[in-house]
Amino acid sequence: MKNDLGSLNNYLFEELERLNDEEELSDDEKLNKEIKRSKAITDVAQAIINNANVVLKSQILMNDGKTTALPKMLETEK
């Protein structure tokens, strides 16, 4: 998996497909395990998305000329 939002989106849809696979998750133990896995994946995905939103907002501030310098941790690649 690449480290970009497009790949994250694909990965989330793959997880949705696994959750929808009735044959693969036919018993309760497998289903509960996949639900826990899915919860962990969505928690990490949400953190990645939140981080991307902070970076996007910082770039918008730079583009709008509202700031000329950002803290190092918010700098985007040029």
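## A term for helix length

The expected span of a helix is 1.5 Å times one less than its number of residues. In this predicted model, helix α2 has 36 residues, and the distance from its first C-alpha to its last is 51 Å. That value is close to the expected 52 Å.

## Overall form

The secondary structure of the protein consists of two helices and zero strands. Taken along the principal axes, the C-alpha atoms fill a box of roughly 55 × 15 × 15 Å. The radius of gyration is 18 Å, whereas a compact globule of 78 residues would have a value near 12 Å.

Among contacts between residues at least 6 apart in sequence, 29% join residues at least 24 apart.

## Surface and charge

Of the 78 residues, 13% count as buried. The protein exposes about 6700 Å², and carbon and sulfur atoms supply 53% of this area.

The protein carries 11 positive and 16 negative charges.

## The buried side of helix α2

Which residues of α2 are buried? They are Glu34, Ser38, Ile41, Ala45 and Ser58. The buried residues of α2 pack against α1, which covers residues 5-20.

Glutamate 34, in helix α2, may be examined individually. Its relative accessibility is 12%, and glutamate 34 therefore counts as buried, since buried means under 20% relative accessible area. When neighbours within four places in sequence are left aside, glutamate 34 is in contact with Glu15, Arg18, Leu19 and Leu25.

Is lysine 36 buried or exposed? This residue is found in helix α2, which comprises residues 28-63. Lysine 36 counts as exposed because its relative accessibility is 65%, and the cut-off for exposed is over 50%.

Isoleucine 49 is 13 residues apart from lysine 36 along the chain, and the C-alpha atoms of the two are separated by 20 Å.

Technical notes:
Residues are numbered from 1 along each chain as its sequence is written. This is a predicted model: local features need pLDDT of at least 70, side-chain atom pairs count only at pLDDT 80 or more; totals for chains, interfaces and linings use all residues. Side-chain values use heavy atoms; hydrogens and water are left out. Helices (H or I, at least four residues) and strands (E, at least two) are DSSP runs, numbered from the N terminus. Buried means under 20% relative accessible area, exposed over 50%, partly exposed in between (1.4 Å probe, protein chains only). The radius of gyration is taken over C-alpha atoms; the globule rule is 2.2 Å times the number of residues to the power 0.38. Contact means heavy atoms within 4.5 Å. Accessible areas come from the Shrake-Rupley method with a 1.4 Å probe; for residues, only the protein chains shown count as cover. Lys and Arg count as positive and Asp and Glu as negative; His and the chain ends are not counted. The place of a charge is taken as NZ of Lys, CZ of Arg, CG of Asp or CD of Glu.
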